[in-house]
Amino acid sequence: MTATLVPAAPQDIAELRQLYFEVYGNAYPVALGSDPAEMHRLITDPHCHWLTARRSGTGELAGSAVVQTDRGNRVGKLVGLAVHPRHRQHGLAGRLTAAVTADALATGALDSIHTTVRMVTQAPQRVVARNGYRPLGLLPNAAEVSGCETLALFACYADGVLDRRAPVAAVPRALVALLEAAEDSIGIPYDAVRPLGPGEPESSAAHHAKSAHRTADRTPIEVITAPGFVRRRFGEVFPDPAGAYVPLRTPNTVLTPPDGAFEIYADLDPAAGSCALVAVHPCLSAATGALDSLTAALGRAGADYVEALLPLSDTAGLHAFLSSGFVPSAAYPAMRRIGDRFHDHVVLSRTDRQIDFRTTAVSTPLQPYLSAYLTAWTSTYLPRHEVDR
């Protein structure tokens with residue numbers, strides 16, 4: 001089968017919705033495949049790259065792929081990759097991935113593009129890997145699609161980005177296995193990073209965070225789910241388009257104690273059973289003592305999976321999340337540009353549902369990350385005498 005790749009147009013929305021239904025049924029958790037208003041917004045956004053594949057001769061819609069962009073943070077995300085079941089086995093997914101990624105990077109406005117892929121088979125992992133995306137880790141129980149699923153995180157980079165990474169001298173010991181996996185899988189050097197043990201000077205801030213966590217772990221949390229209000233408030237609090245928040249996440253929920261000591265902005269998706277923490281006002285340290293209360297509140301709101309993206313250099317913040325049951329899940333080298341250097345980040349996740357990897361198809365490049373996650377999860381949730389056996 002031959003196909004022509006063309007940009008999506010507003011008149012394609014009905015066909016695109018049908019395509020995503022044919023591929024995913026009613027289980028697709030992303031608005032760009034089901035919400036006509038969101039689809040129209042993205043198609044008409046000059047900074048969004050949306051390609052469709054149409055069968056030559058008939059014009060039948062055969063596939064779709066999108067790269068959304070956060071130009072302030074110079075980060076993109078590949079989403080919505082879908083090929084109609086009748087047109088698979090022809091390399092169309094790879095063509096769409098290669099073309100939409102190249103279009104987005106060619107603008108010079110992005111330093112990296114990341115994507116999450118399902119792991120029900122190894123095919124999606126191979127598609128992105130063959131087109132320049134590097135495996136960065138696993139997100140266990142991250143989405144409710146056809147049941148509770150684990151996703152894999154991948155990213156590709158503009159030329160020269162990985163050569164300008166800012167060094168990190170030391171990290172909490174719990175992150176060592178993840179960084180070793182990044183070395184094994186994609187060759188990112190972390191051999192000079194020193195693991196922090198208890199009592200070392202660099203970890204004094206972390207111990208303070210742990211102490212705050214122990215004394216304030218029952219902070220009452222109010223959950224405000226008013227998307228319009230939350231977006232307006234977020235824009236007021238974080239006016240800088242290159243601000244210190246998670247790119248390509250639009251918060252729809254704010255969590256705050258009754259006294260308003262802090263505001264945590266989150267992208268909550270009860271249908272997918274997941275939540276991403278986007279930003280904290282006035283600063284992360286203001287909320288680290290309430291992380292257990294936060295995850296409990298999010299669980300009551302329908303999120304069994306919570307993730308946070310933190311700088312690898314934020315020792316105190318990392319220790320606070322680790323002490324609240326978050327597990328290192330994925331690395332994101334060179335995620336954020338500050339000046340002329342790029343700073344590594346790490347994804348920490350917490351899930352309250354049983355993790356079952358028996359039906360997860362883990363390709364060879366992701367195997368080190370699975371081992372690293374199991375090591376970190378074991379040290380977090382099993383008693384020490386069980387680990388030492």
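This is a predicted model: local features need pLDDT of at least 70, side-chain atom pairs count only at pLDDT 80 or more; totals for chains, interfaces and linings use all residues.
Visitor: Which residue in S5 does lysine 77 stand opposite?
Guide: Lysine 77 has its counterpart in S5. Strand S4 (residues 75–83) and S5 (residues 112–118) are parallel and share 3 bridges. The residue in S5 opposite lysine 77 is histidine 114.

Visitor: Which residue in S7 is the bridge partner of threonine 115?
Guide: S5 also pairs with strand S7 (residues 147–157), in the antiparallel sense and over 7 bridges. Within S7, the partner of threonine 115 is phenylalanine 154.

Visitor: Why is strand S13 largely enclosed by the rest of the structure?
Guide: A residue is called buried when its relative accessible area is under 20%. S13 covers residues 274–281, and it is largely enclosed because the buried residues number 7 of the 8.

Visitor: Which residue of S14 stands opposite alanine 276?
Guide: On one side, alanine 276 in S13 is the bridge partner of aspartate 267, and strand S12 (residues 263–269) runs antiparallel to S13 with 7 bridges. S13 is also joined to strand S14 (residues 305–311), in parallel, by 4 bridges. In S14, the residue opposite alanine 276 is glutamate 307.

Visitor: Which residue in the turn between S12 and S13 has a positive phi?
Guide: S12 and S13 form a hairpin, with 4 residues between them. Phi is about 70° at the turn residue glycine 273.

Note on methods: Residues are numbered from 1 along each chain as its sequence is written. Side-chain values use heavy atoms; hydrogens and water are left out. Buried means under 20% relative accessible area, exposed over 50%, partly exposed in between (1.4 Å probe, protein chains only). Helices (H or I, at least four residues) and strands (E, at least two) are DSSP runs, numbered from the N terminus. Two strands pair if DSSP finds at least two bridges between them.
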